[in-house]
Amino acid sequence: MKEWIAVGALLDMPENEIIPFSHLSEDYILIRRGDSVSAFVDLCSHQAIKLSEFGEIQQGVLVCHAHGAAFDCHDGRELCFPATEPLQSRPTRITAGQVEVQI
Ligand code: FES
């Protein structure tokens, strides 16, 4: 059964950076852009390499430096080869200034 977990205050999160967090031995990343936050499983969809280690936000795009794939920071959709699948996203919401992720 999925649950909403609190991962921190929106205003404490830096914008346009990869913010890693873990829950029950699973690793995820957050990306804040203004008042919205996106959450993804911490794995590139190309070869399952950790985006928290090989990823970087460049001009509003999440780039995986392992082989050069790029993803939309908002919805995780793949933007270029070699990725052919989107990132695994998780729903987010903001409640009283706290970011929550459904996992
Ligand atoms: S593992 Fe990310 S581009 Fe290959």
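**Pairing, burial and cores, value by value**

Modeller: E10 and E11 pair in the antiparallel sense over 4 bridges.

Biologist: What makes E10 and E11 a pair?

Modeller: Two strands pair if DSSP finds at least two bridges between them. E10 and E11 have 4 bridges, so they count as paired. Strands here (E, at least two residues) are DSSP runs numbered from the N terminus, like helices (H or I, at least four).

Biologist: What stands behind these values?

Modeller: The model is predicted: local features need pLDDT of at least 70 and side-chain atom pairs pLDDT 80 or more, while totals for chains, interfaces and linings use all residues. Residues are numbered from 1 along each chain as its sequence is written, and side-chain values use heavy atoms, leaving out hydrogens and water.

Biologist: Which sheet holds E11, and in what order?

Modeller: An open sheet of 3 strands, in the order E1-E11-E10, with antiparallel pairing. Its twist averages 30° from one strand to the next. That angle is taken between N-to-C directions, on a scale from 0 to 180 degrees, using lines fitted to C-alpha atoms, for helices over the stretch in contact.

Biologist: Why are E1 and E10 said to stand at the edges?

Modeller: Strand E1 (4-9) and strand E10 (92-95) each have a single partner strand, so one side of each lacks a neighbour in the sheet.

Biologist: Why is Glu100 called buried?

Modeller: Buried means under 20% relative accessible area, with exposed over 50% and partly exposed in between (1.4 Å probe, protein chains only). Glu100 has 14%, so it is buried. Glu100 sits in strand E11 (residues 98-102).

Biologist: How do you know that the side chain of Glu100 makes a polar contact with that of Arg93?

Modeller: A polar contact is a pair of N or O atoms within 3.5 Å; within protein, one must be able to donate a hydrogen and the other to accept it, and residues adjacent in sequence count only through side-chain atoms on both sides. Glu100 and Arg93 are at 2.6 Å, so the pair passes. The side chain of Thr95 also makes a polar contact with that of Glu100, at 3.3 Å. Beyond four places in sequence, Glu100 is in contact (heavy atoms within 4.5 Å) with residues including Trp4, Ile5 and Ala6.

Biologist: How many disulfides does the structure hold?

Modeller: 0. A disulfide is a pair of cysteine sulfur atoms within 2.5 Å. For Cys73 the nearest cysteine sulfur, that of Cys80, is 13 Å away, so Cys73 is in no disulfide. For Cys80 the nearest is that of Cys44, at 9.7 Å, so Cys80 is in none either.

Biologist: Are Cys73 and Cys80 buried or partly exposed?

Modeller: Cys73 has 1% relative accessibility, so it counts as buried. Cys80 has 30%, so it is partly exposed.

Biologist: What does the backbone oxygen of Cys73 lie 3.3 Å from?

Modeller: A polar atom of the Ser38 side chain. Ser38 lies in strand E4 (residues 36-41). With a relative accessible area of 7%, Ser38 is buried. Among the residues that Ser38 touches are Ile29, Ile31 and His74.

Biologist: What sheet does E4 belong to?

Modeller: An open one of 4 strands, E2-E3-E4-E9, paired antiparallel. Strand E2 (18-23) and strand E9 (89-90) are at its edges, because each has a single partner strand. Strand E3 (residues 26-33) and E4 share 6 bridges. Arg33 has Ser36 in E4 as its bridge partner.

Biologist: What makes E5 and E6 a hairpin?

Modeller: E5 and E6 have 2 residues between them. The strands, E5 (residues 55-58) and E6 (residues 61-64), run antiparallel over 4 bridges. Gln59 in the turn has a positive phi of about 50°. Gly55 stands opposite Cys64.

Biologist: Which residues of E5 are on its covered face?

Modeller: Gly55 and Ile57; Glu56 and Gln58 are on the uncovered one. In a regular strand, side chains alternate between the two faces of the sheet.

Biologist: How many residues has the largest nonpolar core?

Modeller: 14, and those with the most contacts inside it include Ile29, Ile57 and Leu62. A nonpolar core is a set of buried Ala, Val, Leu, Ile, Met, Phe, Trp, Tyr and Cys residues joined through side-chain atoms within 4.5 Å. E3 and E6 are the elements giving two or more residues to this core. Apart from it lies another core, of 13 residues, among them Ile5, Met13, Phe21 and Ala39.
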